[in-house]
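Please find my notes on this model below. They take up a loop residue, then the strand pairings, then a helix contact.

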Amino acid sequence: MTEIQHLDITSLMTNLEQALKKEIHARSLKKTLIIGIHTGGAWVAEKLHSRLGLTDPLGVLNISFYRDDFSQIGMHPQVSPSHLQCVVEGRDVLLIDDVLYTGRTIRAAMNEIFDYGRPNQIVLGVLIDRNGRQIPIQADCVGARIVLESRQRIKLTGPDPLQFVIQDFVS
Amino acid sequence: MTDLENNIQLDKNGRLRHFLSIDGLNKALLNEIMDRAESFESVTAQKVKKVPLLRGKTIVNLFFENSTRTRTTFELAEKRLSADILNINIATSATSKGESLLDTIRNLEAMAVDMFVVRHGESGAAHFIASFVEPHISVINGGDGRHAHPTQAMLDMFTIRKIKGGFENLTVVIVGDILHSRVARSQLRALRMLETKEVRVVAPKTLLPSFTESLGAKVFHDIDAGLKGADVIIALRLQKERMRGALLPSGNEYFNCFGLTEERIKRAKSDVMVMHPGPINRGVEMESRVADGPYSVILRQVTLGISIRMAIMSMAMHSEHAATAK
């Protein structure tokens, strides 16, 4: 496990925040609702929630019940429930995750969001966009784009301090 | 029986495979079921009250005995997990034409089902089916004879945990027909497994089986003494349909001696909770002022029954045997 020095969380957060502000302006999003994916995405979303000065409470999505691979990897025994206090129907949503990799998590998250209601728009923001997509999902706003080898996994640890670590898998 | 059940209910990693009785499970697993149920409660807040966990799985509800609450909450739980459901009405099925239980099961297996939820009037029926089904199929006991009704016991434990926070400091009193009650048997085992401080049973001698004390319960024949200082009171239904012989003079007489009244409940703690697995015989097990009163959590039990059944079914379906099958 290696700590990545060059991925400075502060500048990644600033990049993502700027990109989101630009996107909100360009699309004229109104009263945006921010939703983070448990756990790393929720940590990032919590920080962005205050930095963007959003008024509606932060939503947290736990996608365990929506994963497409639960029959292969099983489920964590304790699944902390999703927590969406606001109505999603008709809203402009910022969906936040720490890392965009295969795209499967985002697919599951969007499936879950639509079970709460039909949002007007969803903007996807991630701190790290890495290579290795398996389904056609792309981020609208990113903190940084990086290229890793397929045996490498990047993971956000936190919540205090937030830090990226890279793990090597020997297959 | 316990060892056998222990083997048959869990897979090689100790995860739930069938859910037949509380016997043979352990405290960690009971807590895991309740934790999982907790997480399913948010599904009710969704506009589409469904998660895709059991999408593409087929569940057969085999009810050889009448049931409203258990069958409908199982069915709702299955639907909220996105499973496909077959409800077999035994009264109009081939079983009534003389087909054996095992033949019925074999035929349903041939239709590629994944889970049976079984309610049967004979003790051990669910266990019997579980020991004969194909390896990828899970069996859930929805009540068998006088033996066990483990999903009811789990929803009762879940209701208690939600309201009281835990079991270690509680005095729980079960009142009524213990003799015929599969619910009481499962509750007694679960309460003990969860290390409840004190468990009491209050019943007339004719409705009390001999094994009660071996399950760690204190026996009372006087309701006023039994209710003293109680945190939780669970009333059980008088099971007239299972009573053979004159065990009781009348429902009225029972109410006079063992019925829950507002007056009697005053002997319990001021924040006591009153439970009943349903259906209630008003004026027999309790008066309406108690059933509909501020201490009653009877309808809450019904609601929580859905998430607890979602938890049990999703866990059984995702153990090793199911994941590797086909």
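**Notes on chain B**

1. Gly259(B) sits in the loop between helix 9 (251-258) and helix 10 (262-265) of chain B. Helices here are DSSP runs of H or I with at least four residues, strands are runs of E with at least two, and both are numbered from the N terminus. The model is predicted: local features need pLDDT of at least 70 and side-chain atom pairs count only at pLDDT 80 or more, while totals for chains, interfaces and linings use all residues. Residues are numbered from 1 along each chain as its sequence is written, and chains are lettered from A and ligands numbered from 1 in the order in which they are written.

2. Is Gly259(B) buried or exposed? Gly259(B) counts as buried because it has 23 C-beta neighbours inside 10 Å. The cut-offs are 20 or more other C-beta atoms within 10 Å for buried and 12 or fewer for exposed, with partly exposed in between; C-beta atoms are placed from the backbone. Leaving out residues up to four places away in sequence, Gly259(B) touches Tyr254(B), Val284(B), Glu285(B), Met286(B) and Glu287(B). Contact means C-beta atoms, placed from the backbone, within 7 Å.

3. Five strands of chain B form an open sheet in the order 7-6-5-8-9, with parallel pairing. Strand 7 (218-220) and strand 9 (273-275) of chain B are at the edges with a single partner strand each, so one side of each has no neighbour in the sheet. From one strand to the next, the twist averages 20 degrees. Two strands pair if DSSP finds at least two bridges between them.

4. Within chain B, strand 5 (residues 171-175) and strand 8 (residues 232-235) run parallel and are joined by four bridges.

5. Leu62(B) has Ile88(B) of strand 2 of chain B as its bridge partner. The chain passes from strand 1 through helix 3 (residues 69-80) to strand 2 of chain B in a right-handed β-α-β crossover; right-handed means that, with the strands pointing away from the viewer, the path from the first strand over the helix to the second runs clockwise.

6. Helix 6 (residues 150-164) and helix 12 (residues 298-317) of chain B pack at an angle of about 115 degrees, with axes 8 Å apart. Axes are lines fitted to C-alpha atoms, for helices over the stretch in contact, and angles run from 0 to 180 degrees between N-to-C directions.

Notes:
Contact = placed C-beta atoms within 7 Å.
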